[in-house]
Amino acid sequence: MADVRTGAVKFKGNPIDLAGGALKVGDAAPDFKLQDNTLAEISLANSAGKKRIICTVPSLDTGVCQMETKRFNDEAKNLSDVDVLVVSMDLPFGQKRWCGAEGVTNVKTLSAHRCSKFGEDYGVLIKGGVLDRLTSRAVFVVDGSGKLTHVEYCAEVTEHPNYDAALAAAKA
């Protein structure tokens with residue numbers, strides 16, 4: 001099957017290469033081991049039985065990533081039994097500083113800095129160019145049994161995801 005992302009994901013209009021294959025609705029969400037901003041190891045199993053919104057962003061220190069994380073933080077207040085996870089390559093220390101400065105308390109930031117496996121498994125690891133080894137912008141919604149019910153690889157890394165679609169999938 002052809003990768004739906006090939007040539008479709010861009011950074012400022014220029015195509016970028018992503019490691020790993022594209023996930024699709026109905027796939028099992030790959031497990032992971034990431035660090036939260038207290039340095040605790042977090043896996044998908046930590047929230048088993050709950051719905052999860054997993055957002056991948058290049059860095060919390062960029063404008064669109066900040067706005068996206070704040071938007072999901074605000075929306076998380078109205079989502080019952082849904083965990084919102086924001087994953088980037090930012091170090092846990094930087095994520096903690098950023099969350100504290102921005103008052104972000106309703107989402108959990110997770111760092112994939114230890115290895116690229118998460119980015120490869122979810123098909124969001126950027127290969128080469130100025131964003132090499134960062135994660136591309138994408139949103140995944142995982143149901144309580146671990147199946148993907150929504151997958152969006154943002155066509156342009158500098159643009160926002162479809163919040164309404166992701167939130168509708170999480171509420172369904």
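A residue is called buried under 20% relative accessible area, exposed over 50% and partly exposed in between (1.4 Å probe, protein chains only), while helices (H or I, at least four residues) and strands (E, at least two) are DSSP runs, numbered from the N terminus. The model is predicted, so that local features need pLDDT of at least 70 and side-chain atom pairs count only at pLDDT 80 or more, whereas totals for chains, interfaces and linings use all residues. Residues are numbered from 1 along each chain as its sequence is written, and side-chain values use heavy atoms, with hydrogens and water left out.

Seven strands form an open sheet of mixed pairing, in the order 5-4-8-7-6-10-11, where two strands pair if DSSP finds at least two bridges between them. Strand 5 (41-43) and strand 11 (148-153) stand at the edges with a single partner strand each, so one side of each has no neighbour in the sheet.

Within this sheet, strand 6 (residues 51-56) is mostly covered, five of its six residues being buried. Its two pairings are listed here.

| Pair | Sense | Bridges |
|---|---|---|
| Strand 6 and strand 7 (residues 82-88) | parallel | six bridges |
| Strand 6 and strand 10 (residues 138-142) | antiparallel | five bridges |

Cys55 has Val86 as its bridge partner in strand 7 and stands opposite Val139 in strand 10, while Ile54 stands opposite Phe140 in strand 10.

Ser116, found in the loop between strand 8 (108-111) and helix 3 (117-121), is buried, with a relative accessible area of 15%.
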